[in-house]
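Please keep the sequence and the 3D view at hand while reading.

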Amino acid sequence: MIVLGIETSCDDTCAAVCDGQSLLSNVISTQLIHQRFGGVVPELASRSHIQLMLPVVRQALNQAGLGRRDLQGIAVTFGPGLAGSLLVGLSVAKGMALSLGIPLVGVNHLEGHIWANSLSNPGIAPSFVVLIASGGHTQIVFVREWGDYEVLGRTRDDAAGEAFDKVGKLLQVGYPGGPAIEKIAEGGDFEYTRFPRAYLEEGSLDFSFSGLKTAVLNHVRTIGSEQTRKHLSDIAASFQRAVVDVLVEKTVSAAKRVGAHRICMAGGVAVNSALKGEMARCAGEEGMEVSWPTPELCSDNGGMIARAGFYYFQQGRTSSLALSPVPSLNL
Ligand code: KG4
Ligand code: ZN
């Protein structure tokens, strides 16, 4: 079955073609307009999706060497995400499904992120624990079976990627903060200063990153702009280390608790090399396998939506044309 996947939950306009295990194309158009605002402006995001969606779908079909009539199903993200952004992808998906006379299926964006692991590592199969860490979400999920998910922990305030973005903004290193901080942290000393790690109450698998962001702000204010410039790499490395420590420790604890032998990762923050390295090291000490998707499959993309949709179609699950956006959809 040839499935077109459409993803427009935030600021990436994405379309991909999947034939089951592999992707025939995976086109991602990242909206650069938000950079000058240091964050995603929802109204601008939906307007950009309107301009970019059809060209991106056309490009995905061209790269796959297929025409519209070769498609046999359309999978589209219906939540969680920005309502206006979701609406653009949904409208295009519904219009195409109706005009081509093929089935439509709505995909949970978070489930898509989990499926990205199977595209990069086709051998992996549940059960496993997955850390989803992006700009909008940070949660630890136990995947008992495909379609059977238990959220073991989630952030109580900022998402991990959001913390990178906010600290990136206060260190004035550009937006998005994650890749910029990782790069600057490369030459830095992560033991320069010890920023707080919020482990919360005993045994909790939840996260909190807002205090860490405030600690960085206070530190920068205390040492002043000259010292901040001088120690930029060290501050970035110390901040990154604090985020990585908590993400890794809680994910490995979660896997131990449910008896999982594999840890997977998902979301834009999973691109971070310090996180991957530390996760591999700590999980390895516990005898667990660790894997993560390739960078373009960690961040938002249509491929993961097409792959999840392919699974739904195999299960005989479809959505009606009345499918609406659900901005606060949970797993
Ligand atoms: O999954 P994603 O592309 O979009 C969302 O669904 O949010 O994730 C984007 C987030 C941003 O907050 C960005 O700063 C962060 O992922 N990110 C990183 C890295 N690359 C992207 N964070 C840390 N290190 C990176 N290398
Ligand atoms: Zn995402």
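1. Basis of the model. The model is predicted: local features need pLDDT of at least 70, side-chain atom pairs count only at pLDDT 80 or more, and totals for chains, interfaces and linings use all residues. Residues are numbered from 1 along each chain as its sequence is written, chains are lettered from A and ligands numbered from 1 in the order in which they are written, and side-chain values use heavy atoms, with hydrogens and water left out.

2. Domains. The domain assignment of the protein gives domain 1 as 3–113 + 297–314 and domain 2 as 125–292; such bounds come from an automatic or database domain assignment. Taken over C-alpha atoms, the centres of domain 1 and domain 2 are 27 Å apart.

3. The interface between the domains. Contact (heavy atoms within 4.5 Å) links 14 residues of domain 1 with 13 residues of domain 2. Together the two domains bury about 1,100 Å², of which 66% is on carbon and sulfur atoms. Of the area that domain 1 buries against domain 2, 43% is supplied by Leu110, His113 and Cys298, more than any other three residues. Buried area here is the accessible area (1.4 Å probe) that two parts lose on being put together, summed over both.

4. Polar links across the interface. The rule finds zero salt bridges between domain 1 and domain 2, a salt bridge being a side-chain nitrogen of Lys or Arg within 4 Å of a carboxyl oxygen of Asp or Glu. Three residue pairs, both at pLDDT 80 or more, are in polar contact between domain 1 and domain 2. A polar contact is a pair of N or O atoms within 3.5 Å; within protein, one must be able to donate a hydrogen and the other to accept it, and residues adjacent in sequence count only if both atoms are side-chain atoms.

5. Strands (E, at least two residues) and helices (H or I, at least four) are DSSP runs, numbered from the N terminus; two strands pair if DSSP finds at least two bridges between them. Strand β7 (residues 138–145) is largely enclosed by the rest of the structure because six of its eight residues are buried. Buried means under 20% relative accessible area, exposed over 50%, and partly exposed in between (1.4 Å probe, protein chains only). Strand β6 (residues 128–133) runs antiparallel to β7 and is joined to β7 by six bridges, with Ile132 partnering Gln139 in β7. Four residues lie between β6 and β7 in their hairpin. Six bridges also join β7 to the antiparallel strand β8 (residues 148–154), where Glu150 stands opposite Phe142. The hairpin of β7 and β8 has two residues between the strands, and Gly147 in the turn has a positive phi of about 90°.

6. Strands β2 and β3. Seven bridges join the antiparallel strands β2 (residues 12–18) and β3 (residues 23–30). Cys18 has Leu23 in β3 as its bridge partner. Four residues separate these strands in a hairpin, with Gly20 in the turn at a positive phi of about 125°.

7. Residues up to four places away in sequence aside, Leu52 touches Thr13, Ser29 and Gln31, and Ser46 touches Gly84, Ser85 and Val88.
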